[in-house]
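Here are my notes on this one, as numbered points. Have the coordinates open while you read.

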Amino acid sequence: MKSLYIIPVFNPGKLIFKLLDHISNLPDVHHHEILIVDDGSSDGTCDKVIKNYPNVQIIQGTGQLFWTGSIALGMKRALEQNIDYLFWLNHDCLPAPGAANELKKALDLTKAGCAGASCHIAGYPEYGVNPGLLCNRGVGNVAKGKILEVDAVNGNFVAFRSDVVRDVGLPDFERFPHYGDSPYTYKIRKRGFKVLVVGSASADLEYEILRRLSPFWRVALSKKDVS
């Protein structure tokens, strides 16, 4: 059974290399299963990845795809390659060893359409990041060993069955260019497939602690010492 991990990037800096180095140590994710969709980066991402990770696939976007368009382009390529499992994986998300297999296992056991990971702030495992929505409310943390059926999931690290993607189609990047994860996974739910959050599939989010800060503190903490 073939898998493909779709990573959308735009000027990702060192985080993409941290992720690829991290994947080198995972037993269930491999570099030849990685597809990076580079939507017009100007930081030399493609050249550096090709040089250091020759087994990683890269396709170029138009510079106007944003997150959802990049994901849709990657999913289209995956279907052309007859992949069995498609994954969304953000470049600042570090899956735990075995997390990918836990997501695939949940899909196989329940015949679900998609399954999202239970993510946490990197360095702070006690602080979970809301993994999905149920009745238009965040579901909070999902305990390890538990699988929760929800209406939609967050797009940090999500697995899909390819037959479901062929049935439902690709995400609507024209209508939802930046936050197409919840609308698309909700569409899967409305089509009659289960949408899951898998507590035993964990991942760390590098940037999440900054997203939770006010704009004032983001600026303050990002200032460099120029003295």
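**Notes on the model**

1. Let me start with a loop residue: E33 sits in the loop between α1 and β2. (Helices, H or I with at least four residues, and strands, E with at least two, are DSSP runs numbered from the N terminus.) This is a predicted model, where local features need pLDDT of at least 70 and side-chain atom pairs count only at pLDDT 80 or more, while totals for chains, interfaces and linings use all residues. Residues are numbered from 1 along each chain as its sequence is written, and side-chain values use heavy atoms, leaving out hydrogens and water.

2. Setting aside neighbours within four places in sequence, E33 is in contact (heavy atoms within 4.5 Å) with S3, L4, Y5 and D28.

3. On to the salt bridges that do form: the count is 7. Side chains of opposite charge can pair when their charged atoms come close. E206 and K18 meet at 3.1 Å, N to O. E206 belongs to the loop between β13 (195-205) and α7 (208-211) and K18 to helix α1, so this pair ties together parts 188 residues apart in sequence. E206 is partly exposed at 22% relative accessible area, and K18 is partly exposed at 41%.

4. D167 and R191 make another bridge, at 2.7 Å, N to O. With D167 in helix α5 and R191 in the loop between α6 and β13, the pair ties together parts that are 24 residues apart in sequence. D167 counts as partly exposed at 41% relative accessibility, as does R191 at 39%.

5. R77 is partly exposed, with a relative accessible area of 30%, and E80 is partly exposed at 47%. K76, R77 and E80 are linked in a network of salt bridges.

6. Now α3 itself. The helix covers residues 66-80, which is 15 residues, and reaches 21 Å from its first C-alpha to its last, close to the 21 Å expected at 1.5 Å a residue; the expected span is 1.5 Å times one less than the number of residues. Its buried residues include W67, I71, M75 and L79. Among the elements covering the buried residues of α3 are β1 (3-9), β4 (85-89) and α6 (181-190). After α3 comes N82, with a positive phi near 55°.

7. Which members of the largest nonpolar core touch the most others? L20, I34, I36 and F157 do, in a core of 38 residues. A nonpolar core is a set of buried Ala, Val, Leu, Ile, Met, Phe, Trp, Tyr and Cys residues joined through side-chain atoms within 4.5 Å. A second, separate core has 27 residues, including L35, I59, W67 and L86.

8. Last, the rings: there are 7 aromatic pairs. Rings of Phe, Tyr and Trp (its six-membered ring) pair if their centres lie within 6.5 Å, with planes under 30 degrees apart counted as stacked, over 60 as edge-to-face and the rest as tilted. F17 and Y53 have ring centres 6.4 Å apart and planes at 25°, so they are stacked. F17 is in helix α1 (residues 14-24) and Y53 is in the loop between α2 (45-52) and β3, 36 residues apart. Both F17 and Y53 are buried.

9. W88 and Y184 have centres 6.0 Å apart and planes at 40°, so that pair is tilted. W88 is in strand β4 and Y184 in helix α6, 96 residues apart. Both W88 and Y184 are buried, and W67, W88, F160 and Y184 form one aromatic cluster.

Notes. Buried means under 20% relative accessible area, exposed over 50%, partly exposed in between (1.4 Å probe, protein chains only). A salt bridge is a side-chain nitrogen of Lys or Arg within 4 Å of a carboxyl oxygen of Asp or Glu.
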